[in-house]
Amino acid sequence: MSIHLTVMMVILGCAVVTIIPRIVPFLVVRNMTLPQPVLKWLSYVPVCILTALVVENFIIQTDHSLKINWPVIIVIIPTLLIAIRTKSLSITVVSGVVLMAVLRFIVS
């Protein structure tokens, strides 16, 4: 199997474009002390991203209305309780994935 030069250049270009926005902010800010309001604002970013990802999965948009994806809600509730009890991101993610897999296995 051979890779054409253009395909390799596209792959490398995509990698560079993906890495730049992830690395450059850390390089710029690493020797700076950010003001307290900025740090407080940045502390909300992970919660906002997680909320957006979760809400996107349990609300289904049809032509004229919004519907709730009940299997996802059924999994979100125990996963949320596990997150509150353990306060561990890895345990929460693994338990959510396992619960969804079990529910899909039972339903299908």
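These legends accompany several close-up views of the predicted model shown above. Residues are numbered from 1 along each chain as its sequence is written, and side-chain values use heavy atoms, with hydrogens and water left out. Because the model is predicted, local features need pLDDT of at least 70 and side-chain atom pairs count only at pLDDT 80 or more, while totals for chains, interfaces and linings use all residues.

**View 1. The largest pocket and the helices that line it.**
The largest pocket has a volume of about 700 Å³, where a pocket is an open set of points on a 1 Å grid over the protein atoms alone, at which a 1.4 Å probe fits and which has protein on both sides within 12 Å along at least five of seven lines. Grid points are joined across faces, edges and corners, and the volume is the space filled by probe spheres set on the points. The lining consists of 22 residues, of which L50, V54, I76, T79 and T92 lie nearest the centre of the pocket; a lining residue has an atom within 4 Å of a point. Helices α3 (45-58), α4 (70-86) and α5 (89-107) each supply at least two residues of this lining, and α3 gives the most, with nine residues. Here a helix is a DSSP run of H or I with at least four residues, numbered from the N terminus. By class, the lining has 16 nonpolar, six polar and no charged residues, where Ala, Val, Leu, Ile, Met, Phe, Trp, Tyr, Cys and Pro count as nonpolar, Asp, Glu, Lys and Arg as charged, and the others, Gly among them, as polar.

The buried residues of α5 are T92, S95, G96, M100 and L103, where buried means under 20% relative accessible area, exposed over 50%, and partly exposed in between, with a 1.4 Å probe and protein chains only. At 1.5 Å a residue, the 19 residues of α5 should span 27 Å, and the end C-alpha atoms are 27 Å apart, which agrees; the expected span is 1.5 Å times one less than the number of residues.

**View 2. T79 and I84 in helix α4.**
T79 is buried, with a relative accessible area of 12%, and touches T92, S95, G96 and L99, not counting residues up to four places away in sequence; contact means heavy atoms within 4.5 Å. I84, by contrast, counts as exposed at 52% relative accessibility.

**View 3. K87 in the loop between α4 and α5.**
Most residues other than glycine have a negative phi. The phi of K87, however, is near 55°, a positive value in a residue other than glycine, and K87 counts as exposed at 71% relative accessibility.

**View 4. Y44 in the loop between α2 (36-43) and α3.**
Y44 is partly exposed, with a relative accessible area of 45%. Although Y44 and L80 are 36 residues apart along the chain, their C-alpha atoms are separated by 18 Å.
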